[in-house]
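Here are my notes on the two-chain model, point by point. Please read them with the structure open.

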Amino acid sequence: SQTIHQWPATLVQPVGSPLSLECTVEGTSNPNLYWYRQAAGRGLQLLFYSVGIGQISSEVPQNLSASRPQDRQFILSSKKLLLSDSGFYLCAWSARTGGKQPQHFGDGTRLSIL
Amino acid sequence: QKEVEQNSGPLSVPEGAIASLNCTYSDRGSQSFFWYRQYSGKSPELIMSIYSNGDKEDGRFTAQLNKASQYVSLLIRDSQPSDSATYLCAVPPSSGSARQLTFGSGTQLTVLP
């Protein structure tokens with residue numbers, strides 16, 4: 001069966017520090033991968049998605065970036081965190097087969113910026 | 001008009017009652033519809049998928065789809081306090097980027113013991 005791992009589960013970072021969140025998927029090949037952010041009490045905001053190695057689409061211009069160095073690895077980064085980057089970061093995957101597939105989420109990383 | 005709309009709630013029902021959660025969508029060509037459950041502080045979990053008009057039942061959950069009315073609902077029978085969560089409706093677009101889902105803002109459900 002497919003599993004998705006995200007780490008760390010929680011992170012406290014000072015303003016201006018760098019960020020690296022990692023997500024890996026097991027049990028499937030060529031998945032679509034997604035990064036979302038959810039502010040407290042709010043809906044899901046799609047940040048990036050990827051359909052293959054090195055292929056990244058950005059949905060929201062900001063100080064975050066994403067990379068996909070391997071088929072089942074997705075990384076979210078920032079060179080300098082802002083207070084507004086606080087939130088719950090979720091990685092998700094979906095199958096790339098034809099048709100419209102659901103997305104499956106990791107456990108998320110709760111990021112607090114001080 | 002939002003692409004996927006849900007009543008934000010909160011919706012409160014007594015234990016044992018039927019909870020009815022509603023979702024409307026604007027893309028008439030959408031073919032797939034998903035319901036996610038998100039407990040407070042946790043990530044969304046897929047609980048139902050529906051692709052055809054009519055009802056789909058899975059245990060205490062029933063998804064209902066009416067494409068003509070662009071309406072999908074989730075019924076929870078014999079509601080339990082453990083069903084208290086936010087329920088998200090998600091719909092992929094019929095054209096363009098087939099890789100994305102549009103999520104509703106969610107309906108917060110509280111089941112009162």
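**Notes on the predicted model**

1. Start with the second largest pocket. Its lining is made up of Tyr36(A), Leu44(A), Gln45(A), Leu46(A), Glu3(B), Pro93(B), Gln100(B), Leu101(B), Thr102(B) and Phe103(B). The model is predicted, so treat every value here as computed from it, under the rule that local features need pLDDT of at least 70. The space in this second largest pocket is about 180 Å³.

2. Which elements supply at least two residues each to the lining of the second largest pocket? They are strand 5 of chain A and strand 10 (102-103) of chain B. Strand 5 of chain A gives the largest share, with 3 residues. By class, the lining of the second largest pocket counts 6 nonpolar, 3 polar and 1 charged residues.

3. Strand 5 of chain A also deserves a look for its pairing. This strand, residues 44-52, runs antiparallel to strand 6 (residues 55-58) of chain A, and 3 bridges join the two. One bridge partner pair is Gly52(A) with Gln55(A).

4. Now the largest pocket. It holds about 730 Å³ of space. Its lining has 30 residues, and those closest to the centre are Gln38(A), Gly41(A), Arg42(A), Gly43(A) and Ser105(B).

5. Three strands each supply at least two residues to the lining of the largest pocket: strand 9 (87-94) of chain A, plus strand 1 (4-6) and strand 9 (85-91) of chain B. How many lining residues of the largest pocket are nonpolar, polar and charged? The counts are 9 nonpolar, 15 polar and 6 charged.

6. Next, the interface. Contact involves 20 residues of chain B and 20 residues of chain A. The area buried between the two chains is about 1600 Å². Carbon and sulfur atoms give 58% of that area. How many salt bridges are there between chain B and chain A? The count is 0.

7. Over all chains, the structure holds 5 salt bridges. One of them joins the side chains of Asp85(A) and Arg37(A), at 3.5 Å from N to O. This pair links distant parts of the chain, 48 residues apart. Asp85(A) sits in the loop between strand 8 (73-78) and strand 9 of chain A, while Arg37(A) belongs to strand 4 (residues 32-38) of chain A. Side chains of opposite charge can pair when their charged atoms come close.

8. The peptide bond between Trp7(A) and Pro8(A) is cis, with omega of about 0°. Pro8(A) lies in the loop between strand 1 (3-7) and strand 2 (10-13) of chain A.

9. The other detail is Asn30(A). This residue is not a glycine, yet its phi is positive, at about 55°. Asn30(A) is placed in the loop between strand 3 (19-26) and strand 4 of chain A. Strand 4 of chain A is also the strand that holds Arg37(A).

Notes
Residues numbered from 1 in each chain as written. Chains lettered and ligands numbered in written order. Predicted model: local features only at pLDDT ≥ 70, side-chain atom pairs only at ≥ 80, totals over all residues. Heavy atoms only, no water. Pairing = 2+ DSSP bridges. Helix = DSSP H or I, 4+ residues; strand = E, 2+ residues; numbered from the N terminus. 1 Å grid on protein atoms, 1.4 Å probe; cavity = no way out; pocket = protein on both sides within 12 Å on 5 of 7 lines; lining within 4 Å. Points joined across faces, edges and corners; volume = space filled by probe spheres on them. Nonpolar A, V, L, I, M, F, W, Y, C, P; charged D, E, K, R; others polar. Contact = heavy atoms within 4.5 Å. Buried area = accessible area lost by both parts, 1.4 Å probe. Salt bridge = Lys/Arg side-chain N within 4 Å of Asp/Glu carboxyl O.
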